[in-house]
Amino acid sequence: MNRHVIFIQGGGGEEDYAADAKLVASLQNALGKTYVVRYPLLLDESSPDFGRRRQIANEFSLSKDDVIIVAHSLGASMLLKYLSEKKIKKKITGVFLISTPHWSGDEDWKAGLKLRDNFADKLPEDVPLFFYHCRDDDEVPFSHLTFYKRKIPWATFREISSGGHQLNNDLTLIATDIKSL
């Protein structure tokens, strides 16, 4: 029986989708044939969260129980927001967040992206949560990982010395962690 993985892209356009397709290909290759990675195209909408929470909810509704979720960048932050604000009815095997930004500041455009102050208290407690961040990420500062370490000390954190925002398009480490569950 195949294990099911949903990959939530970073960014919001077709260009970002194409860039993250390399991550998805690497993940699928490293996981092998016993895993099926689903990679839906998520386009920006005019809502404050770019439509991500609704789109993620839709992906959950289409998934089976015991789903594994991998998300990158904006997709990772929106997945974290979704998991901390909605009651999840499906069983999640694990959540793997790559280059996750922490949105702060008073700019209007960030309002729909920001986590609530008590977000960590609302996350599903029985779901393994992994964070991955490269020290040389030039899009999301490494200090964002430090924020999540303080807020979610029970999660697993992987500090990666190099690989940039896209982890050199190599998700072997994430695949290894997924297989360990």
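The model is predicted. Helices α1 and α6 cross at roughly 45°. Strands β1 and β2 run parallel. Threonine 100 is buried in a loop.

**Helices α1 and α6**

- Helix α1 spans residues 14-31, and helix α6 spans residues 172-179.
- Their axes come within 8 Å and cross at roughly 45°. That angle makes α1 oblique to α6.
- The crossing of α1 past α6 is right-handed.
- On the α1 side, the contact uses Ser26, Leu27, Ala30 and Leu31. On the α6 side, Thr172, Ile174, Ala175, Ile178 and Lys179 meet them.
- By type, the residues of this contact are six nonpolar, two polar and one charged.

**Strands β1 and β2**

- Strand β1 covers residues 3-8, and strand β2 covers residues 35-38.
- Four bridges join the two strands, which run parallel.
- Arginine 3 stands opposite tyrosine 35 in β2.
- Side chains alternate along β2. Tyr35 and Val37 point to one face and are buried.

**Threonine 100**

- Threonine 100 sits in the loop between β4 (92-98) and α4 (119-122).
- Its relative accessible area is 2%, so threonine 100 counts as buried; the cut-off is under 20%.
- Leaving out residues up to four places away in sequence, threonine 100 touches Ser73, Ala76, Ser77, Phe131, His133, Val140, His144 and Tyr148.

Note on methods:
Residues numbered from 1 in each chain as written. Predicted model: local features only at pLDDT ≥ 70, side-chain atom pairs only at ≥ 80, totals over all residues. Heavy atoms only, no water. Axes fitted to C-alpha atoms, helices over the stretch in contact; angles between N-to-C directions. Parallel < 35°, antiparallel > 145°, perpendicular 65-115°, else oblique. Left-handed = near helix turned anticlockwise from the far one by under 90°. Contact = heavy atoms within 4.5 Å. Nonpolar A, V, L, I, M, F, W, Y, C, P; charged D, E, K, R; others polar. Buried < 20%, exposed > 50% of the residue type's maximum accessible area, 1.4 Å probe, protein only. Pairing = 2+ DSSP bridges.
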